[in-house]
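Here is a short report on one protein chain. Look over the sequence and the structure first, then read on.

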Amino acid sequence: LPCVMAEVLDELRNIISSRFTHIMIDEFQDINFMQYRFIRLLAPGSGADIFIIGDPDQSIYGFRGASPEYMHRLKSDYPELKEFMLKKSFRCSGVILRAAGQVLGKGEYLRSGNKGVKLIINEMTSDRSEADWIASEIERMVGGVRSFSMDSGMADGENNGLGFGDFAVLCRSSFMFECLREAFI
């Protein structure tokens, strides 16, 4: 059986490599063990035409087997691989990039020509406390929506021209929506 499997894999590799001569992989930091094995199957030799984009600092799918380890293995499996490091971000502001660098403990991180807006980082004890804080901040910024807002000093009644339509709350996971919905009500 192992001999038959090897023949099938060789045949599959020959079919794919004759049809596709170049391999391009984006978000390489998110691949898992089986995906890495598949890449090695498609491009077993050191002369393979592979183009990879990835950042080990952005590897967030460990729960499904992704690991920045595969970026390091890549260097040993393909020793003539050329690495190009980007030093400037066109997506993020300098404020966000500096904060990310601090969180990751990096002295040097990507740079940006865009300064960006003020960033507030708060550590919360639960999803409910996070949702309450978000709702309170929005309420404060629109100048309050209840008499309690002004009486408690949470808001001063000044909204600087802001309304609820000026805010968006982005969530990575849908499980956060319920707490936010309750806090907004």
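## Confidence

The protein chain has an average pLDDT of 84, and 90% of the residues score at least 70. pLDDT is the predictor's confidence in each residue, from 0 to 100. Confidence is lowest in helix H6 (residues 147-151), with a mean of 57. It is highest in H7, at 93. Where pLDDT is low, the predicted coordinates should not be read in detail.

This is a predicted model: local features need pLDDT of at least 70, side-chain atom pairs count only at pLDDT 80 or more, and totals for chains, interfaces and linings use all residues. Residues are numbered from 1 along each chain as its sequence is written, and side-chain values use heavy atoms, with hydrogens and water left out.

## Helices H5 and H7

Helices (H or I, at least four residues) and strands (E, at least two) are DSSP runs, numbered from the N terminus. Axes are lines fitted to C-alpha atoms, for helices over the stretch in contact, and angles run from 0 to 180 degrees between N-to-C directions. The axes of H5 (residues 127-141) and H7 (residues 177-184) come within 8 Å and cross at roughly 45°. H5 and H7 are therefore oblique to each other. Angles under 35 degrees count as roughly parallel, over 145 as roughly antiparallel, 65 to 115 as roughly perpendicular and the rest as oblique.

Which residues of H5 meet H7? They are Asp127, Arg128, Ala131, Asp132, Ile134, Ala135 and Ile138. Their partners in H7 are Cys179, Leu180, Glu182, Ala183 and Phe184. Contact means heavy atoms within 4.5 Å. The residues of this contact divide into 8 nonpolar, no polar and 4 charged. Ala, Val, Leu, Ile, Met, Phe, Trp, Tyr, Cys and Pro count as nonpolar, Asp, Glu, Lys and Arg as charged, and the others, Gly among them, as polar.

## Helices H2 and H3

The axes of H2 (residues 33-42) and H3 (residues 69-77) come within 12 Å and cross at roughly 20°. That makes H2 roughly parallel to H3. Phe33, Tyr36 and Arg40 in H2 meet Tyr70, Arg73, Leu74 and Asp77 in H3. By class, this contact has 4 nonpolar, no polar and 3 charged residues.

## Two loop residues

Glu27 sits in the loop between strand S1 (23-25) and H2. Its phi is near 55°, a positive value in a residue other than glycine. Glu27 counts as partly exposed, at 33% relative accessibility. Buried means under 20% relative accessible area, exposed over 50%, partly exposed in between (1.4 Å probe, protein chains only).

Glu83 lies in the loop between H3 and helix H4 (94-104). At 51% relative accessibility, Glu83 counts as exposed. Glu83 and Ile53 are 30 residues apart in sequence and 9.9 Å apart in space, C-alpha to C-alpha.
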